[in-house]
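Let's take a friendly walk through a few spots in this protein. Have the sequence and the 3D view open as you read.

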Amino acid sequence: MLAVAMSPMAASVYSPALHPSHSSYPRRRRDAVVVAASASSSPEETKDVVIVGAGIAGLATALSLRRLGVGTTVLEQGPSLRAGGTSLTLFKNGWRVLDSIGVADELRAKYLRVQGMRMRSSAGGRDLREFSFEEEAPGQEVRAVERRVLLETLASKLPPGAISFSSKLKSVAGQGAEGTLLELQDGRRLRSKVVVGCDGVNSPIARWMGFSEPRYVGHMAFRGLADYAGAGGQPFEPKVSYIYGRGLRAGFVPVSPTKVYWFICFNSPTPGPKNTDAAALKKEALVLVRGWPDDLVAVMRSTPDEAVVKTPLVDRWLWPGVAPSASRGGVVLVGDAWHPMTPNLGQGACCALEDAVVLARRLAPAVLAAGAGDDVGEALREYERERWGRVFPLTARAGLVGALVQWGNPAVCAVRDGVVIPRLVRLGPFLEHTNFECGLLEPVAPSP
């Protein structure tokens, strides 16, 4: 998923490609979790840790805790792992997390290491600038990975039965000294010492905790994954290709020998109605880039209709003193459920992975200490303190970068293409935020 949005004024080089794609518009789901008014007669199951959501954040959290000896139950409302989405881009901070939980090398073997990037103007495809990661940002590791494969790889490292499918949360039925009581749509009742909300950008748990709906930022994105398996492989160098127009940007990046990820980001005052006609979505995307460089159009035409998605870009700024706490009793939020951010820094999935390792390192000792209820609460607060100082600035910066790169004014775009990108952009300093060190999670014998 590597489409990086470039913010010339901030020497930025990122975009929607770098972020996990969402399968629904931010206000689509209204099935908010509520506090139950009455108790059920169903028997309760007792758990130490329940994770709601088997996406990247949920599975990475489960695997991180398992390496530290804590077993978890992961609730996934669907009948299987989510196969939707296209690709996402991971920078070196994301790969460090995957190294720490033991899955990085398995994924590296499947996906190309991106060597650099090429920036062009939509007007005739004129070259503006080329970068080499090795020259501009030594040690940087960038790869686009298929979301489906990442989820399958994480899930494969969990014990059988760790993920409970078709397990949709109905309500948070209460909190007390013995933990948080969850009621599921199928009637089951789970009482858990800790509940980790990893239920994504439309998180019902976040709404239950008092968080606002994610904010639509005025930009929509098309994303797709082209398949060249039947054509003898894709023909591109392992570089990101970015193309800039007026209020419109696009790009593509090779993912593997047979897959190429692409994106288009465009301005729109409202998200508009949800369109589930895959063929119509692809046609709409092609119309936006009519007359743009042929290689971009060819990649889009090589994409199966069902591999094209259209989503709004949203975020939530965690203003100090305004945003609710990331934890409430023994309930805590991770990833997009807490801090949805736009893809303009390529850090949505990377930050979710970071969250998982930081939370696991803070939480595991408290969970393993018998009867340590106060320790659990303090561990969750320490997690929030450590992560807030990182995710709030990144969320704000990503939003500002997105606003800059979506310029439509012809004079401003001319300065961008003629001065800022060719002469002022510096890649290395802008990638400082990828230097996060998560450390290793030394594995211990997991609990049953």
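Before we start, one term: two residues are in contact when they have heavy atoms within 4.5 Å. Also keep in mind that this is a predicted model.

Now find Ser327, which sits in strand S17 (residues 327-328). Is Ser327 buried or exposed? Its relative accessibility is 13%, and buried means under 20%, so Ser327 counts as buried. Leaving aside residues up to four places away in sequence, Ser327 touches Met209, Val332, Leu380, Arg381 and Glu384.

Next, hop over to strand S7, which covers residues 143-146. Arg143 and Val145 point one way from the strand, while Ala144 and Glu146 point the other way. Whichever way they point, all of these residues are buried.

S7 has a partner, too: strand S4 (residues 87-90) pairs with S7 in the antiparallel sense, over 4 bridges. If you want a place to look, Ser87 stands opposite Glu146 in S7.

## Helices H1 and H5

How do we describe two packed helices? We use the angle between their axes and the distance between the axes. For helix H1 (residues 56-67) and helix H5 (residues 147-156), the axes come within 9 Å and cross at roughly 25 degrees. Angles under 35 degrees count as roughly parallel, so H1 is roughly parallel to H5. The crossing of H1 past H5 is left-handed.

Which residues make the contact? From H1 they are Ile56, Leu59, Ala60 and Leu63, and from H5 they are Arg147, Leu150, Leu151, Leu154 and Ala155. Sorted by class, this contact of H1 with H5 has 8 nonpolar residues, no polar ones and 1 charged.

Key. Residues are numbered from 1 along each chain as its sequence is written. This is a predicted model: local features need pLDDT of at least 70, side-chain atom pairs count only at pLDDT 80 or more; totals for chains, interfaces and linings use all residues. Side-chain values use heavy atoms; hydrogens and water are left out. Buried means under 20% relative accessible area, exposed over 50%, partly exposed in between (1.4 Å probe, protein chains only). Helices (H or I, at least four residues) and strands (E, at least two) are DSSP runs, numbered from the N terminus. Two strands pair if DSSP finds at least two bridges between them. Axes are lines fitted to C-alpha atoms, for helices over the stretch in contact, and angles run from 0 to 180 degrees between N-to-C directions. Angles under 35 degrees count as roughly parallel, over 145 as roughly antiparallel, 65 to 115 as roughly perpendicular and the rest as oblique. A crossing is left-handed if the near helix is turned anticlockwise from the far one by less than a right angle, and right-handed if clockwise. Ala, Val, Leu, Ile, Met, Phe, Trp, Tyr, Cys and Pro count as nonpolar, Asp, Glu, Lys and Arg as charged, and the others, Gly among them, as polar.
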